[in-house]
Amino acid sequence: MERKWRKIWGLIGLLLLNFVNNVSSLSLTITKVECVYKIVRSEGDIVSGNFVVVDHHIFWSSDHPGIDFSIISPGGDILHNLKGTSGDKFSFKAPRSGLYQFCFHNPLSTPETIALYIHIGHIPNEHNLAKNEHVDPINVKIAELREALEAVTTEQKYLKARDAVHRRTNESTKKRVIGYTVGEYILLTIASVLQVVYIRRLFSKSVGYNRI
């Protein structure tokens, strides 16, 4: 019984280590074209993730063309393609093993910072289990649970990144509103002082003419 539990905990440790190795959280600065390369080791692995353009709510105008994003398979096929976006989620089943490209294209010369998160998940199937008598079916259940937890984590990371962007936007908007308000008060004060000075000069000239 003790050996069985040791085997289970050892298997969980290996799965967690594999989980860490298959996760990438990156910050990229895109000036023109930038690609991230990830190796998928098995056909049918689930590749998921998200990306967000940092501070786009602050610096982008209404006519900004956005960022282009594409995922290219080892065979050169485009699996995912987005035009003019500020961020999105993606998920697909790898059609084959090999090197996958995650590419960003910035149509403008202004550098853009992108937060990118990629996860590659692997769930063993019954065919693979039949080949290895030392692999317990619990491996599949643990992998399925791990992928379910990863889906939740990915969604949380995406929402957290979006929330951070909105929070920075709100803070920037608040500072702008305060700046505009202070500026208006200063201009009103200057205008009032100038009006007082002007009226005083008019009265002083009127009094001077009356004395003459």
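Over residues 177-199 the chain is 100% helix and 0% strand, with the end C-alpha atoms 33 Å apart. Helices (H or I, at least four residues) and strands (E, at least two) are DSSP runs, numbered from the N terminus. An unreviewed UniProt entry gives residues 177-199 as a "transmembrane region"; UniProt positions follow the numbering used here, feature names are shortened, and annotations may be inferred rather than shown by experiment.

This is a predicted model, in which local features need pLDDT of at least 70 and side-chain atom pairs count only at pLDDT 80 or more, while totals for chains, interfaces and linings use all residues. Residues are numbered from 1 along each chain as its sequence is written, and side-chain values use heavy atoms, leaving out hydrogens and water.

Turning to the rings, the structure holds six aromatic pairs. Rings of Phe, Tyr and Trp (its six-membered ring) pair if their centres lie within 6.5 Å; planes under 30 degrees apart count as stacked, over 60 as edge-to-face and the rest as tilted. Phenylalanine 51 and phenylalanine 104 make an edge-to-face pair, 5.2 Å centre to centre with 75° between the planes. This pair links distant parts of the chain, 53 residues apart: phenylalanine 51 lies in strand E3 (residues 46-53) and phenylalanine 104 in strand E7 (residues 98-105). Phenylalanine 51 is buried, at 0% relative accessible area (buried means under 20%, exposed over 50%, partly exposed in between, with a 1.4 Å probe and protein chains only). Phenylalanine 104 is buried at 0% relative accessibility.

The pair of phenylalanine 92 and tyrosine 100 is tilted, because the ring centres are 6.0 Å apart and the planes at 40°. One aromatic cluster is formed by Phe51, Phe69, Phe90, Phe102 and Phe104.
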